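Please keep the sequence and the model side by side while reading.

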Amino acid sequence: MVKKIEAIIRQEKLEVVKDNLEKIGCNGLTVSEVKGRGEQLGIIEKYRGTEYKVDLIPKIKLEIVTTDDEVDNIAETIRNSAFTGKMGDGKIFISNVEEVIRIRTGEKGIDAI
């Protein structure tokens, strides 16, 4: 079966996550800049003595499509690489993919990954 891993991580962790994924042979990924919030409902920042509530925090979203055999290793690599131990480290979502089709060749399923 084919799985999709979506991970929301801190911006400053992108390079270390990418490097560590490459070390385990995971080269195909999509990276998007996103904004969101979790349990903390944003943060309070001070600028020139005035407090501002920033309720949508800039994050990075990684998307990786892989096989069942690789999903645990990839998810663990992301988790270990993105970990700071502080609130806002992010989340990893894993879901089933019904079909994959490579546009250039028409290959389907695992052959298209």
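What follows is a set of notes on the nonpolar core, the helix packing, the salt bridges and a few individual residues. The model is a predicted one, and its largest nonpolar core has 14 residues. Two helices, α1 and α2, pack with their axes 9 Å apart, and the count of salt bridges comes to 8.

**The nonpolar core**

- Within the largest nonpolar core, the residues with the most contacts are Ile9, Val17, Leu21, Leu62, Ile64, Ile74 and Ile78.
- Two or more residues of this core come from each of the elements β1, α1, β5 and α2, and it is α2 that gives the most, with 4 residues.
- Leu62, one of the core residues with the most contacts, touches Ile5, Glu6, Ala7, Ile9, Leu14, Val17, Leu29, Thr30 and Val31, when residues up to four places away in sequence are not counted.
- Thr66 is found in strand β5, and with a relative accessible area of 7% this residue is buried, because buried means under 20%.
- Not counting residues up to four places away in sequence, the contacts of Thr66 are with Met1, Val2, Lys3, Ile5, Val71, Ile74 and Ile113; among them, Ile74 is also listed with the residues that have the most contacts inside the core.

**How the two helices pack**

- Helices α1 and α2 pack at an angle of about 145 degrees, with a separation of 9 Å between their axes, and α1 passes α2 in a right-handed crossing.
- On the α1 side the contact is made by Val16, Val17, Asn20 and Leu21, while α2 contributes Ile74, Thr77, Ile78, Ser81 and Ala82.

**Salt bridges**

- Glu63 forms a salt bridge with Lys4, and the closest N and O atoms of the pair are 2.9 Å apart.
- This pair links distant parts of the chain, since Glu63 belongs to strand β5 (residues 57-67) and Lys4 to strand β1 (residues 2-9), 59 residues apart; Lys4 is partly exposed, with a relative accessible area of 24%.
- Arg10 forms a salt bridge with Asp89, with 2.9 Å between the closest N and O atoms.
- Arg10 lies in the loop between β1 and α1 (14-23), whereas Asp89 lies in the loop between α2 (68-82) and β6 (90-97), so the pair ties together parts that are 79 residues apart in sequence.
- Arg10 is buried, with a relative accessible area of 15%, and Asp89 is likewise buried, with a relative accessible area of 15%.
- Arg10 and Asp89 are also linked with Glu12 in a network of salt bridges.
- Lys18 forms a salt bridge with Glu15, the closest N and O atoms being 3.3 Å apart, and these residues, 3 residues apart in helix α1, are separated by about one helical turn.
- Lys18 is partly exposed at a relative accessible area of 30%, and Glu15 also counts as partly exposed, at 45% relative accessibility.

**Residues toward the outside**

- Met1 is placed in the segment before β1, and at 55% relative accessibility this residue counts as exposed, because exposed means over 50%.
- Leaving aside neighbours within four places in sequence, Met1 is in contact with Thr66, Thr67, Asp68 and Asn96.
- Met1 and Ile110 are 109 residues apart in sequence, while their C-alpha atoms are 7.8 Å apart in space.
- Arg48 has its place in the loop between β3 (43-47) and β4 (50-54), and counts as exposed at 75% relative accessibility.
- Arg48 and Val2 are 46 residues apart along the chain, and a distance of 51 Å separates their C-alpha atoms.
- Glu107 is found in the segment after β6 and counts as partly exposed, at 31% relative accessibility.
- Apart from neighbours within four places in sequence, Glu107 is in contact with Val100, Ile101, Arg102 and Ala112.

Conventions: Residues numbered from 1 in each chain as written. Predicted model: local features only at pLDDT ≥ 70, side-chain atom pairs only at ≥ 80, totals over all residues. Heavy atoms only, no water. Salt bridge = Lys/Arg side-chain N within 4 Å of Asp/Glu carboxyl O. Buried < 20%, exposed > 50% of the residue type's maximum accessible area, 1.4 Å probe, protein only. Axes fitted to C-alpha atoms, helices over the stretch in contact; angles between N-to-C directions. Left-handed = near helix turned anticlockwise from the far one by under 90°. Contact = heavy atoms within 4.5 Å. Core = buried A, V, L, I, M, F, W, Y, C linked by side-chain atoms within 4.5 Å.
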